[in-house]
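Colleague: I'd like to learn how to read salt bridges in a model. Can you walk me through some?

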Amino acid sequence: MEFTFPFVFAIFLVFSAASTAVAQPQQQFLRCLTAQSNDSASISKLVHSRNSPSYSSILESSIQNLMFDTEATPKPLIIVTPTRASHIQAAVKCSKSNGLQIRTRSGGHDFEGLSYVSQAPFVLIDLVNLRSVDIDVENRVAWVQTGLTVGELYYKIYEKSKTLAFPAASCHSVGLGGYISGGGYGPFFRKYGLAVDNVIDAHVIDVNGRILDRKSMGEDMFWAIRGGAGGNFGIVLDWKLKLVPVPPTVTFFAVKKTLEENAAQLIHQWQLVSPKLPKDVISVVRVAVVNQTYQVSFTGMFLGKSDELVSLMQTSFPELGLVKQLCLETTWIQGLYRGQFPNDSLEYLLNRTWAEKEVFKVKSDYVQEPIPESVFQQIWPKYFNEEEGKYANLLLVPYGGIMDEIPDTQTPFPHRAGNLYKIVYYIGRKQDKNLDFQNYTSWMKRFYDEMTPYVSKNPREVYANYRDLDLGTNNGTGKTSFAEASVWGLGYYKNNFKRLAQVKTLVDPENFFRHEQSIPIVPSINYIEIQRTKADRKMNYPTSTIFPLITLAFLASLSLPWPATSASSPSSVHNFLHCLANKSAPLLESIYTPTNPSFNLVLRSLIRNRRFLTPKTPKPAAIVAPTSVSQVQATVVCARDNGVQIRIRSGGHDYEGLSYRSNVTFIILDMFNLRSIKVDVGKEVAYVQAGATLGELYYIIANASNVHAFPSGVCIGLGTGGHFSGGGYGTLMRKYGLSVDNIFDAQVVDVNGNILTRATMGEDLFWAIRGGGGASFVVIVSWKIKLVRIPKKVTVFDLPFSLEKGATDVAFKWQQVAPKLHEDLFIRLQPMVVNRTILVHVVGFFLGESERLVPLLNQSFPELNLKKADCNETSWMKMFLPPGTPPEALLNRTRGARDFSKNKSDYVKSVISKEGIETIWKLLIELANTTSATVIMQWNPYGGKMGEIPASSPPFPHRSGYLFLVQYIVFWDEGDINVTNHNIERVRYLYERMALFVSKHPREAFLNYRDIDIGSTASDKTNFRDAVVYGSKYFRDNFPRLKRVKAEVDPHNFFKNEQSIPPKLN
């Protein structure tokens, strides 16, 4: 029977007296709905009142949490189940005009029921009828309506293609409207990212009832709806999704353990391993009580076959004991739902509801540092042994993979790099009239509180799709302040919360779309700021502007798109640039924004490693290349005052790219314009600006004197700013020590913009910047260095030894001889793989002529059998260049990135046996044979002057007691990400196997050979415990003093990177 609108309207007139207060808005809403619709008879069938026979069944059909299916639960006045966009447009307009709230539901999995419960009179728009799917297999895209469930989407995709999928949830009844709006993770997210990372376009109905696509809504709103959670900005009608390839056969596995079977130890190891596994693997941990036994299940999926998976896991996680018998090879969709449906029928994916509903409570956490094993061994079992714990589950979901590569500002979902895994806490029971669920929620809160020391902090991060009203709620007036909402908002969105509030203010300034944890509008002063920023972007400056024309032209670039890392904070970058214009207008000529034609050229010119020249590499919001110290001061102060991070680059040789990339909004302070060099031969000193390269320094010194030099590196493209501040070693170190051992003074700019010298900065800071890494404390502007005496002629030689010609014997003897040779002699050993075998180059540098060198070396190291014919006598300057190369080649700064590479370092304190050396040769050959890379080691001898300088003067601690420094150099020319990942993993394997032969407790490393693998922190904060890991390896006992200096000169940690010194006293 079809109801006409008059009949539907009559139903509402029989409401009881208790509903009289809302009867008028209801009546007006229904009249409005009819007026807005061209077909009142059609829309009447989609409107359900509380007295409608279908009302309860529709309402309850998508209530997944029975906690919100009680008589006391507030119910909607009206349920609208639209079948087309015009129905939603009408419902929005009519609700708004009649003072009724709207709640929008797609699948009903909102854990706090916010999509269908409200304390205020409200209309529920249930999207159950909007479930169409249009799949384009050839172009790997799909348009899907938001009432569709994940199961329905998977089923439709699998019908079309067995080798395409979409990175969504494993829970089949989740609705795509809310799921994608909140981020959306699932079994593919380590490979392909979140659901929101694979959304191309969308159609949204805004507060004014308009239908907007990506182009018409603008990038701000499109950014906000992809992770800013539903019910905030409008109603999403449909998504355009990017489908992803999957192999026809994937492997699933399950390993179950009890405490007696070392479950606690395995979880502890899992948290170290799982985030570092290849992207094709996801290994999830589930903790629960099964048959009265505390059980830990390690389950996972691998995008490939079982043989490869088992081999991989036996190498990466042998403790788990994964064997082929515990694996299942099948299709991705059948594996995900195996055992969940009757007869494993995939048609069950079309069922929109859970088989068994419960009363439940869910919480979430993010873990950024490994949790101690005692927590898994004692605390967790204690809680699960309680009565309530028998009904609880913990799910540990590993991060890493591509999640580490996507900037945390690319979408509002901020939980990216820096997270090891997510914890999902679940407790639930079947509904029972005698059930007091309060006991179970109390258990959950106690457990959650117990976990506080072990999870993320400031804020304690949570997943927006796992709503938790315990964190805080908005007030019922719709006027919650930004500060009040930040109590929960920062946990969900971190620093993206502010931008979400700004977008909200622009698209829904009256806060129509709201609920207990909706995004608030910002205060009026902030709204004015937003409008002013938009006006600035349109170049609406008054004729009396104080900025010169060059400033206006430059600031016009703010109207164009920013790179991914700065997308969340256009206003902060905008304000930073305005600040620079006020302080130093000429500086604008040296600023390169992404819209500047020279931006990419300047950025790329000093990137030496092609691993960091990919589209996914975070880019700066701007590059500032100051030409004076005052411009450095302005840049530091403006960046500090506007919350923009600085990365400082002098030569770009940072092996991990920390001087030119970050996962937060940042600018590069590029020092290449500050490279003046002044030499005073009479006083044997030189003044060198931090942007000068070693080649430029050597050229200027040599042109001033042929008997002076400076002890520094052999790579002429190195910038003096970073090279010196990290220690700086080279062929003269056994004679004169490191670069930092020969620095008299420095000029720096501190966090307050002050220019300091040794006299004004004090000896502590002067000590710290000479080996502690200048970028942790200040901006190094220039150095005053001590020149050293050298003869007019030096001698160099290069002797190759194959295995057949005694390479092993030479390497064994070299360890015993090289550190004890005369300090005028520096002999480097360079093993490498050539034609699948080992070739060892013995490369020597001698301060003198060959007539003196040959007898000296034949007496100490006769195995080399050095002859005068093997020697090349040259000047100190020319030894850095190939024969016949003009000296002016030293001035070439921009060699660019030639290869993809990975470097590591070690220190050796004890002689490695011949058997050990042979093991190393085998490892090198194995690495070369299993990768496409060139594999080289450099063994650099210590002794001489290095053994005389105390380990605490300056911070560089690797002095007496060391035989040699090892550098691992691996490079390749293939850009495929799988090749890169494989090569890096093999380098790590070599490094692990070398542990037997190198320093221990700690395993030391050289700061200038940056290596993120030995420990790091997030781009935007320094974790003290993580910092101790890498800090002790780089600085040993000097690390506590470095932390104290940092606390004194930069207490708020403005100068920071992923391996910077933290400001901590203890």
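Predicted model: local features only at pLDDT ≥ 70, side-chain atom pairs only at ≥ 80, totals over all residues.

Colleague: What does the side chain of Lys904 meet in a salt bridge?

Modeller: The general idea is that oppositely charged side chains can pair when their charged atoms come close. Here, Lys904 forms a salt bridge with Asp1013, at 2.8 Å from N to O. The two sit 109 residues apart, with Lys904 in strand β34 and Asp1013 in the loop between α31 and α32. Asp1013 is partly exposed, at 28% relative accessibility.

Colleague: Which residue pairs with Asp906?

Modeller: That's Arg1003, with 2.7 Å between N and O. This pair also links distant parts of the chain: Asp906 belongs to strand β34, Arg1003 to the loop between α31 and α32, and 97 residues separate them. Both Arg1003 and Asp906 are buried.

Colleague: Which residues do salt bridges with shared partners join into one network?

Modeller: Arg611, Glu656, Lys902, Lys904, Glu985, Arg988, Asp1011 and Asp1013.

Colleague: How many salt bridges does the count come to?

Modeller: It comes to 51. One of them joins Arg131 and Glu152 at 2.9 Å, N to O. Arg131 lies in the loop between β4 and β5, whereas Glu152 is in helix α6, 21 residues apart.

Colleague: Is each of those two buried or partly exposed?

Modeller: Arg131 is partly exposed at 33% relative accessibility, while Glu152 is buried at 6%.

Conventions:
Residues numbered from 1 in each chain as written. Heavy atoms only, no water. Salt bridge = Lys/Arg side-chain N within 4 Å of Asp/Glu carboxyl O. Helix = DSSP H or I, 4+ residues; strand = E, 2+ residues; numbered from the N terminus. Buried < 20%, exposed > 50% of the residue type's maximum accessible area, 1.4 Å probe, protein only.
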